[in-house]
Amino acid sequence: MESIYYVLCWHCHRRCKHCYESRFHPYVREELEAVVSEAERNAPAIVANLPETMMYEDWRNPAADGRPVRRRGRIILSGGDVLTEPVRERVLYPTIEALRKKYENSGGVNIVVQTTGDLVTPKIIDELLSIGVWMISIAGLDDYHVGMKGEGKTELENALRRDFEAAGMHRSGLRSTERLWMDEEGPVYSAFGATEDAWIGKLWPRGRAWQNSLSTATMTDNFCNAWSGGLNFLEHGRSGSEVSIDPSGDFYPCCIKTAHPLGNLVEEKLIDVLESLVGHPAMEAINAGKPERMAVNEGWPVERFFDASHTTKPDGGDYANLCIGCDSCFTDVIGPALSRLREQRLARARGLLAVSG
């Protein structure tokens, strides 16, 4: 695949008001041990069920003869914040080692560690580079992060740049408004945040961003038809393919996350699940970036989807976005259908095991 976004653990040292996932926050004592143990327990099975190769065909940037170029895909390890203690030592570093080993003989993989930035130190940079991290991506440079507004953001970015370049890293060609990964030689670093020029600038109607009525997206903002959305998620082996994975192993066609997972990677292989969904009308609609058409054959014409996309924000204001319609449609129609498909896949797998046994 071109990209996999893997949320390793729910633990974060921040509780940002604009966060798309309310489970990202500080945990202490028993609760901290519970979320770290979940991540530590599930990561080996999740890695084992990832694609056997992360090489993909880039159809958007073909060779001179028009043929697609084979490129190395990436796995983004994120949180929460994966640099928090004890996530870094117990989950992040072992997962990086497991990923390197899994792909060392099948084309390799570009490993990205995504962090808010304020936990990065020269020592951690050296540790990450020593175990083969290709990119360190700073995702907290915006006014929503406490201490980052104005001069605070500039000071942190300048300090990080000095530390990165002292470690032999260079800034990536990635820009916040488009994908420009290509075959950059690592190690590289990147920096972005929920700013007006970024694809997440209007904020997804999710988590604390929704609870705090911060999303400014409208019906014209089709998050599905863009990077980090569901666009091309089924096209494994080709450019544009990406899925998002939770610490539980549940995975989704988008980072925004549909109201029901597609499957669980503790139990099933990612490619097996994706191939089982090819041809499913709802999945093909999401894959095409047209979520409004996901259930036209299930009694949900486009007009009904648009109607379901209108709601009221917690602060009482009117709000309308396709993600709201997607949530309603998944709850009413698509989620139960996905549950049935998963049960059928697991039953077939058990049957095959019984026969082979």
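Student: Which residues in α1 meet which residues in α2?

Tutor: This is a predicted model. On the α1 side the contact is made by E33, V36, S37, A39, E40, A43, V47 and A48. By class, the residues of the contact of α1 with α2 comprise 9 nonpolar, 2 polar and 4 charged. The partners in α2 are V87, R90, V91, T95, A98, L99 and K102.

Student: How are α1 and α2 oriented, roughly parallel or roughly antiparallel?

Tutor: Two packed helices are described by the angle between their axes and the distance between the axes. For α1 (residues 29-48) and α2 (residues 87-103) the axes are 10 Å apart and the angle is about 0 degrees. Angles under 35 degrees count as roughly parallel. The two helices α1 and α2 are therefore roughly parallel.

Student: At roughly what angle do the axes of α2 and α3 cross?

Tutor: In α2, the residues R88, L92, Y93, I96 and R100 meet I124, E127, L128 and S130 in α3. That contact of α2 with α3 has 5 nonpolar, 1 polar and 3 charged residues. The helices α2 and α3 are therefore roughly parallel to each other. The axes of α2 and α3 (residues 122-130) come within 10 Å, and the crossing angle is roughly 30 degrees.

Student: Which are the edge strands of the open sheet of 9 strands?

Tutor: The sheet has mixed pairing and the order β7-β8-β6-β5-β4-β1-β9-β10-β11. An edge strand here pairs on one side only. The edge strands are β7 (170-171) and β11 (263-264).

Student: Which residue in β10 does S244 stand opposite?

Tutor: Strand β9 (residues 242-245) and strand β10 (residues 250-252) run antiparallel and are joined by 2 bridges. The residue opposite S244 is Y252.

Student: Which residues are closest to the centre of the largest cavity?

Tutor: The structure holds 4 cavities of 30 Å³ or more, and the largest has a volume of about 130 Å³. Its lining divides into 10 nonpolar, 4 polar and 3 charged residues. The largest share of that lining, 3 residues, comes from α9 (residues 322-356). Of the 17 lining residues, the closest to the centre are C224, C254, I256, C323 and C326.

Student: Which element gives the largest share of the lining of the second largest cavity?

Tutor: The second largest cavity, of about 50 Å³, is lined by I138, L141, E157, L160, R161, F164, R171, Y189, S190 and A191. Two elements give two or more residues to this lining, α4 (151-166) and β8 (188-191). By class, the lining has 6 nonpolar, 1 polar and 3 charged residues. The largest share, 4 residues, comes from α4.

Student: Where is P187, the residue joined to G186 by a cis peptide bond?

Tutor: Most residues other than glycine have a negative phi, and most peptide bonds are trans. The bond from G186 to P187 is cis, with omega near 0 degrees. Another cis peptide bond joins E85 and P86, and P86 is in the loop between β4 (74-78) and α2. P187 lies in the loop between β7 and β8.

Student: What is phi of S228, a residue other than glycine?

Tutor: S228 is placed in the loop between α5 (207-211) and β9. Its phi is positive, near 80 degrees.

How values were computed: Residues numbered from 1 in each chain as written. Predicted model: local features only at pLDDT ≥ 70, side-chain atom pairs only at ≥ 80, totals over all residues. Heavy atoms only, no water. Axes fitted to C-alpha atoms, helices over the stretch in contact; angles between N-to-C directions. Parallel < 35°, antiparallel > 145°, perpendicular 65-115°, else oblique. Contact = heavy atoms within 4.5 Å. Nonpolar A, V, L, I, M, F, W, Y, C, P; charged D, E, K, R; others polar. 1 Å grid on protein atoms, 1.4 Å probe; cavity = no way out; pocket = protein on both sides within 12 Å on 5 of 7 lines; lining within 4 Å. Points joined across faces, edges and corners; volume = space filled by probe spheres on them. Pairing = 2+ DSSP bridges.
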